[in-house]
Amino acid sequence: MRVLLLSNNYPRRGNESNGIFIHQQAKALQQLGVECHVLQLYNWYPGLGLHKLNANWQLGHTQRQQLFTEYEGIHVHHVPVFLYMPDRIFRNDYEMRAAAAVASYVKKNKQLRKSDWLYAHFLTDSGYVAALAASKMNIRTAAIARGDDIHAWPEKSPALANRLKYVFHKADILMANSARLASDARRWMESGRERELKVVYNGIDHEKFRPAVNAEEKRAYVQSFGLDPNYKYILCVATPVALKGWLELFNAIGNLSEDLTGWKLLIVAPPYTHPDAIDLRLMSVEQGIGDKTVFMGHMDSEKLAKLYRASDVFVLPSYNEGMANSLLEAMASGIACIATEVGGHAEVIENGKDGVLVSPRNTTELQNAISTVCSDTALLQQYGANARKRALQLGSYAENAKRLYDLFESYPNGK
C-alpha cells in the first residue's frame, strides 16, 4: 500500500515539532509496511534570485528553504503552486491551483502515480485540496478533522463551510481525532447526506512521555532546566493566541498570587507570526504575574518530554480543540491535568478522577481548579497516577496507526 499525506503541518527546518504527531503516525504506518510520502505545498518562484521581485515569490522561497526532502525515513515532496499575475487580471483561487499542482505532480512522478490513498489533514484546507485533486486522478481520498476545521474556521466563513460540505461528499473515508469532533462535524453536513466519521486518535509515545521514576530524578530534571528546585511548577504548552485561553490562565494565576506561594508558571509556546499572535511576555507583565512566569521558549519533543517530568501540574484552558496532543503527553507523563471541556477532552479525562475539566472562558472555574489541585499534594499525585493509566489505554502511535491501516484496507466498507 502506498499513501500520500497532504499536509503543511509537518516538521520543518527550524521547527521540527510542527506536526510531529502526523509524522509519528506516518512512521508507524511505514512500520506496518505502508509506503508513505508527504506532499508539502509552497508558492512557485523563479530562479536566479528573481524571487526578490515579488512578495509571493519571496514567501515561496522562504517556504521551500524550510522543507525537508526526507525526515526520519519519510520522503517529503515539494509541490510548487503557481500564481498567475497580475492578480487584477487573473482570478486566483488558491485551492483550485493547489489541487491542479498536486494532481500534476503526482501524475508526473512514476513513484507516486499508482498510490492507493491521498490522505489529508484538516478538512477545510488540505482536505478540500485533496478532494479537488482526486477528481483529476484515479486515487481514493481520506481526510481527518482535527478541531478548528470543525469548531472555528467554518463558523467565521461561509466559504469554508461550503468546502466542508464538498469534502464530506467527495472523500472516500472521513475521520476525526476524537468522538466529540466526529459528532460535531455532523451539524455541517447537508440533510439527507449525513455520513459517519471514523475516530482515529493521534496516539502517544508512552516511552518518551513517562513519569519521573522518583523524586530524585524529578529534581534532576528541574535543575537541568535551571529552575529552582524549591518551587513547584504549573506548565502550559500552547500556541500564543487568545483561543488557547492565555488571558484566563494569567488572570487565574494573578488572582491566586498569594495562594500560589512556592509555585511558578512555565510557558512553552512555539514561534508564531500570524496576525492573531499575542505577546505573552507583555501580557504577563500587564496582568501582574511577571514574577510568577518562566518563559521556556520553544522546545522539541525530546526536551519537552523532560520538562513534563519536571512539572507538577499541566493546564490547558483553550476555547477549542479536537484532541490536544499536549494534554495527552502530559497525561502520559503522569502529572495532574486541568483542561477545558472542549473537543475530545472529556473522552480522556473523567472529571475528578483523571484530572479536572472546566468550562472554557471561565476564569473562576479555572482559578478554583488550580487552587484545589495545587493545595492538595495527595490529590495532585492521585490525578497524575490515574492520568498515566488512562493515557496507556488511549493507545500508542503504532496502535492508532493500525486502526488507520485497517480502515484503508477495509474500504469500500469504510464509506
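Tyr411 is buried, with a relative accessible area of 19%, which puts it under the 20% cut-off for that class. In this predicted model, Tyr411 belongs to one aromatic cluster together with Trp117, Tyr119 and Phe408.

**The aromatic cluster**
- The structure holds 12 aromatic pairs, and one of them joins Trp117 and Tyr411 edge-to-face, at 5.3 Å centre to centre and 90 degrees between the planes.
- Because Trp117 lies in strand E5 (residues 117-121) and Tyr411 in the segment after helix H17 (397-410), this pair ties together parts that are 294 residues apart in sequence.
- Trp117 has 0% relative accessibility, so it counts as buried.
- Tyr119 and Phe408 also pair edge-to-face, with ring centres 5.9 Å apart and planes at 80 degrees.
- With Tyr119 in strand E5 and Phe408 in helix H17, that pair links parts 289 residues apart in sequence; both residues are buried.

**Two buried histidines**
- His23 sits in helix H1 (residues 20-31) and counts as buried at 0% relative accessibility.
- The side chain of His23 makes a polar contact of 2.7 Å with the side chain of Glu72; beyond its neighbours within four places in sequence, His23 is in contact with residues including Tyr10, Pro11 and Tyr71.
- His37 is found in strand E2 (residues 35-43) and is likewise buried, at 0% relative accessibility.

**Charges over rings**
- Lys264 lies over the face of Tyr231, 4.9 Å from the ring centre.
- Arg361 lies over the face of Tyr319, at 3.9 Å from the ring centre.

Terms used
Residues are numbered from 1 along each chain as its sequence is written. This is a predicted model: local features need pLDDT of at least 70, side-chain atom pairs count only at pLDDT 80 or more; totals for chains, interfaces and linings use all residues. Side-chain values use heavy atoms; hydrogens and water are left out. Helices (H or I, at least four residues) and strands (E, at least two) are DSSP runs, numbered from the N terminus. Buried means under 20% relative accessible area, exposed over 50%, partly exposed in between (1.4 Å probe, protein chains only). A polar contact is a pair of N or O atoms within 3.5 Å; within protein, one must be able to donate a hydrogen and the other to accept it, and residues adjacent in sequence count only if both atoms are side-chain atoms. Contact means heavy atoms within 4.5 Å. Rings of Phe, Tyr and Trp (its six-membered ring) pair if their centres lie within 6.5 Å; planes under 30 degrees apart count as stacked, over 60 as edge-to-face and the rest as tilted. A charge sits over a ring if NZ of Lys or CZ of Arg is within 6 Å of the ring centre and within 35 degrees of the ring normal.
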